[in-house]
Amino acid sequence: MTLQLDGRSLALADLAPLFAGRDEAVAVAPEAMAAVARARDQVEAHLAAGDVVYGLTTGFGKLKSVAIGPADLAALQRNLILSHCCGVGEPMPEAEVRAAQVLRLNGLVRGHSGVRVETCERLVELFNRRFVPVVPQQGSVGASGDLAPLAHMAAAYLGVGEAFLAGERMDAGAALARLGLGPLELGAKEGLALINGTEIMKAVGAGVRRLAG
(Lines give C-alpha, C1' and ligand atoms only; values in the text may rest on other atoms or scores of the structure.)
Protein backbone atom coordinates (compact mmCIF):
# COMPACT_ATOMS: atom_id res chain seq x y z
CA MET A 1 0.00 0.00 0.00
CA THR A 2 1.31 3.45 -0.93
CA LEU A 3 0.01 6.49 0.89
CA GLN A 4 0.17 9.63 -1.23
CA LEU A 5 0.83 12.76 0.81
CA ASP A 6 -0.34 16.19 -0.27
CA GLY A 7 -0.08 18.03 3.05
CA ARG A 8 -3.84 18.41 3.36
CA SER A 9 -5.83 15.20 3.14
CA LEU A 10 -4.03 12.82 5.55
CA ALA A 11 -6.54 11.15 7.86
CA LEU A 12 -6.14 9.27 11.12
CA ALA A 13 -7.22 6.06 9.40
CA ASP A 14 -4.30 6.37 6.99
CA LEU A 15 -1.90 5.68 9.88
CA ALA A 16 -3.72 2.55 11.04
CA PRO A 17 -1.61 0.11 8.97
CA LEU A 18 1.53 1.29 10.78
CA PHE A 19 0.07 0.45 14.18
CA ALA A 20 -1.19 -2.87 12.85
CA GLY A 21 2.36 -3.84 11.92
CA ARG A 22 1.72 -3.75 8.18
CA ASP A 23 4.10 -2.29 5.61
CA GLU A 24 3.15 1.06 4.17
CA ALA A 25 5.02 3.18 1.65
CA VAL A 26 4.62 6.90 1.04
CA ALA A 27 4.83 9.12 -2.01
CA VAL A 28 4.35 12.85 -2.44
CA ALA A 29 1.70 14.21 -4.78
CA PRO A 30 3.22 16.20 -7.69
CA GLU A 31 1.25 19.33 -6.81
CA ALA A 32 2.56 19.17 -3.24
CA MET A 33 6.15 18.83 -4.43
CA ALA A 34 5.59 21.83 -6.69
CA ALA A 35 4.45 23.80 -3.63
CA VAL A 36 7.63 22.74 -1.81
CA ALA A 37 9.71 24.05 -4.72
CA ARG A 38 7.88 27.38 -4.73
CA ALA A 39 8.42 27.86 -1.01
CA ARG A 40 12.10 27.01 -1.37
CA ASP A 41 12.39 29.62 -4.12
CA GLN A 42 11.27 32.21 -1.58
CA VAL A 43 13.93 31.10 0.88
CA GLU A 44 16.60 31.31 -1.78
CA ALA A 45 15.37 34.76 -2.79
CA HIS A 46 15.77 36.03 0.78
CA LEU A 47 19.27 34.56 0.92
CA ALA A 48 20.27 36.11 -2.39
CA ALA A 49 18.96 39.51 -1.29
CA GLY A 50 20.82 39.37 2.01
CA ASP A 51 17.61 39.86 3.96
CA VAL A 52 17.59 39.57 7.75
CA VAL A 53 15.20 36.71 8.54
CA TYR A 54 14.95 35.10 11.97
CA GLY A 55 16.34 31.58 12.02
CA LEU A 56 17.38 31.84 8.39
CA THR A 57 20.14 34.45 8.45
CA THR A 58 20.18 35.05 12.22
CA GLY A 59 20.70 32.97 15.33
CA PHE A 60 17.87 31.77 17.57
CA GLY A 61 16.40 33.10 20.81
CA LYS A 62 18.83 35.48 22.51
CA LEU A 63 20.99 35.34 19.40
CA LYS A 64 18.24 36.66 17.18
CA SER A 65 20.25 39.82 16.51
CA VAL A 66 23.40 37.93 15.53
CA ALA A 67 23.88 37.74 11.78
CA ILE A 68 24.96 34.38 10.36
CA GLY A 69 27.16 34.44 7.28
CA PRO A 70 26.32 32.34 4.20
CA ALA A 71 29.18 29.93 4.91
CA ASP A 72 27.73 29.07 8.32
CA LEU A 73 24.04 28.66 7.47
CA ALA A 74 24.19 24.87 7.12
CA ALA A 75 26.17 24.53 10.36
CA LEU A 76 23.57 26.68 12.13
CA GLN A 77 20.80 24.27 11.15
CA ARG A 78 22.81 21.18 12.06
CA ASN A 79 23.77 22.64 15.44
CA LEU A 80 20.14 23.55 16.11
CA ILE A 81 19.17 19.90 15.73
CA LEU A 82 22.05 18.48 17.75
CA SER A 83 21.58 21.00 20.58
CA HIS A 84 18.03 19.73 21.10
CA CYS A 85 18.94 16.03 21.25
CA CYS A 86 18.41 15.83 25.00
CA GLY A 87 15.78 13.09 25.29
CA VAL A 88 16.15 10.17 27.70
CA GLY A 89 14.61 6.80 28.37
CA GLU A 90 13.72 3.78 26.29
CA PRO A 91 13.07 4.19 22.57
CA MET A 92 9.60 4.98 21.36
CA PRO A 93 7.90 2.05 19.62
CA GLU A 94 8.83 1.87 15.96
CA ALA A 95 5.19 2.23 14.89
CA GLU A 96 4.91 5.57 16.69
CA VAL A 97 8.14 6.85 15.13
CA ARG A 98 7.07 5.75 11.66
CA ALA A 99 3.77 7.55 12.18
CA ALA A 100 5.72 10.65 13.22
CA GLN A 101 7.88 10.35 10.10
CA VAL A 102 4.76 10.36 7.94
CA LEU A 103 3.22 13.26 9.84
CA ARG A 104 6.34 15.44 9.66
CA LEU A 105 6.77 14.78 5.96
CA ASN A 106 3.10 15.55 5.42
CA GLY A 107 3.59 18.88 7.18
CA LEU A 108 6.63 19.74 5.10
CA VAL A 109 4.91 19.09 1.78
CA ARG A 110 2.21 21.62 2.55
CA GLY A 111 4.69 24.04 1.04
CA HIS A 112 5.12 26.44 3.95
CA SER A 113 8.37 25.26 5.55
CA GLY A 114 10.88 26.25 2.89
CA VAL A 115 12.70 22.92 2.70
CA ARG A 116 14.25 21.64 -0.51
CA VAL A 117 12.57 19.13 -2.79
CA GLU A 118 15.66 16.94 -2.39
CA THR A 119 15.16 16.81 1.38
CA CYS A 120 11.57 15.64 1.01
CA GLU A 121 12.67 13.02 -1.49
CA ARG A 122 15.27 11.72 0.96
CA LEU A 123 12.70 11.47 3.77
CA VAL A 124 10.42 9.50 1.46
CA GLU A 125 13.24 7.12 0.55
CA LEU A 126 14.29 6.57 4.15
CA PHE A 127 10.74 5.83 5.26
CA ASN A 128 10.12 3.46 2.38
CA ARG A 129 13.35 1.59 3.10
CA ARG A 130 12.31 1.16 6.77
CA PHE A 131 14.91 3.48 8.28
CA VAL A 132 13.40 4.32 11.67
CA PRO A 133 15.23 6.77 13.97
CA VAL A 134 15.68 5.80 17.60
CA VAL A 135 13.74 8.44 19.54
CA PRO A 136 13.79 8.48 23.38
CA GLN A 137 10.36 8.36 25.00
CA GLN A 138 11.02 11.24 27.38
CA GLY A 139 12.07 14.77 26.52
CA SER A 140 9.16 16.70 25.06
CA VAL A 141 7.42 19.22 27.30
CA GLY A 142 5.19 20.55 24.55
CA ALA A 143 7.03 23.89 24.39
CA SER A 144 7.33 25.09 20.79
CA GLY A 145 6.33 21.59 19.73
CA ASP A 146 8.19 18.32 20.13
CA LEU A 147 11.63 19.87 19.75
CA ALA A 148 13.65 17.22 21.60
CA PRO A 149 12.17 14.04 20.12
CA LEU A 150 11.95 15.52 16.63
CA ALA A 151 15.60 16.55 16.96
CA HIS A 152 16.52 12.92 17.66
CA MET A 153 14.51 11.90 14.61
CA ALA A 154 16.22 14.49 12.43
CA ALA A 155 19.68 13.72 13.84
CA ALA A 156 19.40 10.14 12.64
CA TYR A 157 18.89 11.45 9.10
CA LEU A 158 22.21 13.27 9.58
CA GLY A 159 23.89 10.02 10.63
CA VAL A 160 23.96 10.96 14.32
CA GLY A 161 22.50 8.74 17.03
CA GLU A 162 20.87 5.42 16.29
CA ALA A 163 18.24 3.97 14.00
CA PHE A 164 16.35 0.75 13.41
CA LEU A 165 16.82 -0.72 9.96
CA ALA A 166 14.37 -3.50 9.20
CA GLY A 167 14.01 -3.92 12.96
CA GLU A 168 17.74 -4.06 13.77
CA ARG A 169 19.06 -1.31 16.06
CA MET A 170 22.38 0.20 15.02
CA ASP A 171 24.37 3.40 14.62
CA ALA A 172 22.46 5.77 12.35
CA GLY A 173 25.48 6.38 10.13
CA ALA A 174 25.97 2.64 9.71
CA ALA A 175 22.30 2.22 8.82
CA LEU A 176 22.57 4.90 6.15
CA ALA A 177 25.72 3.29 4.78
CA ARG A 178 23.97 -0.08 4.61
CA LEU A 179 21.36 1.59 2.43
CA GLY A 180 24.09 3.06 0.24
CA LEU A 181 23.28 6.59 1.41
CA GLY A 182 25.28 9.35 3.02
CA PRO A 183 24.06 11.61 5.82
CA LEU A 184 21.47 14.22 4.89
CA GLU A 185 23.16 17.58 4.33
CA LEU A 186 20.93 20.42 5.45
CA GLY A 187 20.32 23.65 3.62
CA ALA A 188 19.40 26.97 5.19
CA LYS A 189 16.26 26.79 7.39
CA GLU A 190 15.88 23.03 7.08
CA GLY A 191 16.91 22.12 10.61
CA LEU A 192 14.25 24.45 11.97
CA ALA A 193 11.67 22.93 9.63
CA LEU A 194 12.48 19.38 10.69
CA ILE A 195 12.05 19.93 14.43
CA ASN A 196 9.38 22.62 14.72
CA GLY A 197 6.22 20.56 14.95
CA THR A 198 3.98 18.41 17.15
CA GLU A 199 4.22 15.16 15.23
CA ILE A 200 5.37 13.07 18.19
CA MET A 201 2.29 14.01 20.20
CA LYS A 202 0.11 13.33 17.17
CA ALA A 203 1.72 9.94 16.55
CA VAL A 204 1.33 8.84 20.16
CA GLY A 205 -2.25 10.08 20.17
CA ALA A 206 -3.00 8.21 16.95
CA GLY A 207 -1.71 4.99 18.49
CA VAL A 208 -3.73 5.47 21.65
CA ARG A 209 -6.84 6.26 19.62
CA ARG A 210 -6.42 3.06 17.64
CA LEU A 211 -6.05 0.97 20.79
CA ALA A 212 -9.10 2.63 22.32
CA GLY A 213 -11.24 2.42 19.24
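A salt bridge is a side-chain nitrogen of Lys or Arg within 4 Å of a carboxyl oxygen of Asp or Glu. The model is predicted: local features need pLDDT of at least 70 and side-chain atom pairs count only at pLDDT 80 or more, while totals for chains, interfaces and linings use all residues. Residues are numbered from 1 along each chain as its sequence is written, and side-chain values use heavy atoms, with hydrogens and water left out.

**View 1. Asp-23 and Arg-130 form a salt bridge.** The N to O distance between the two side chains is 2.7 Å. Asp-23 sits in the loop between helix H1 (16–19) and strand S2 (25–28), and Arg-130 in the loop between helix H5 (117–128) and strand S4 (131–133), so the pair ties together parts that are 107 residues apart in sequence. Helices (H or I, at least four residues) and strands (E, at least two) are DSSP runs, numbered from the N terminus. Asp-23 is exposed, at 55% relative accessible area, whereas Arg-130 is partly exposed, at 29%. Buried means under 20% relative accessible area, exposed over 50%, and partly exposed in between (1.4 Å probe, protein chains only).

**View 2. Glu-190 forms a salt bridge with Arg-116.** Their closest N and O atoms are 2.8 Å apart. Glu-190 belongs to helix H8 (residues 190–195) and Arg-116 to the loop between helix H4 (94–108) and H5, so this pair ties together parts that are 74 residues apart in sequence. Glu-190 is buried, with 0% relative accessibility; Arg-116 is partly exposed, with 23%.

**View 3. Arg-178 forms a salt bridge with Glu-168.** The closest N and O atoms lie 3.0 Å apart. Arg-178 is in helix H7 (residues 172–178) and Glu-168 in strand S7 (residues 168–171), ten residues apart. Arg-178 is exposed at 53% relative accessibility, and Glu-168 is partly exposed at 40%.

**View 4. Arg-104, Glu-199 and Lys-202 are linked in a network of salt bridges.** In total, the structure holds eight salt bridges. Side chains of opposite charge can pair when their charged atoms come close.

**View 5. Three strands form an open, antiparallel sheet in the order S4-S6-S7.** Two strands pair if DSSP finds at least two bridges between them. S4 and S7 are the edge strands, each pairing on one side only. Strand S6 (residues 162–165) is joined to S7 by four bridges, and the bridge partner of Phe-164 in S7 is Arg-169.
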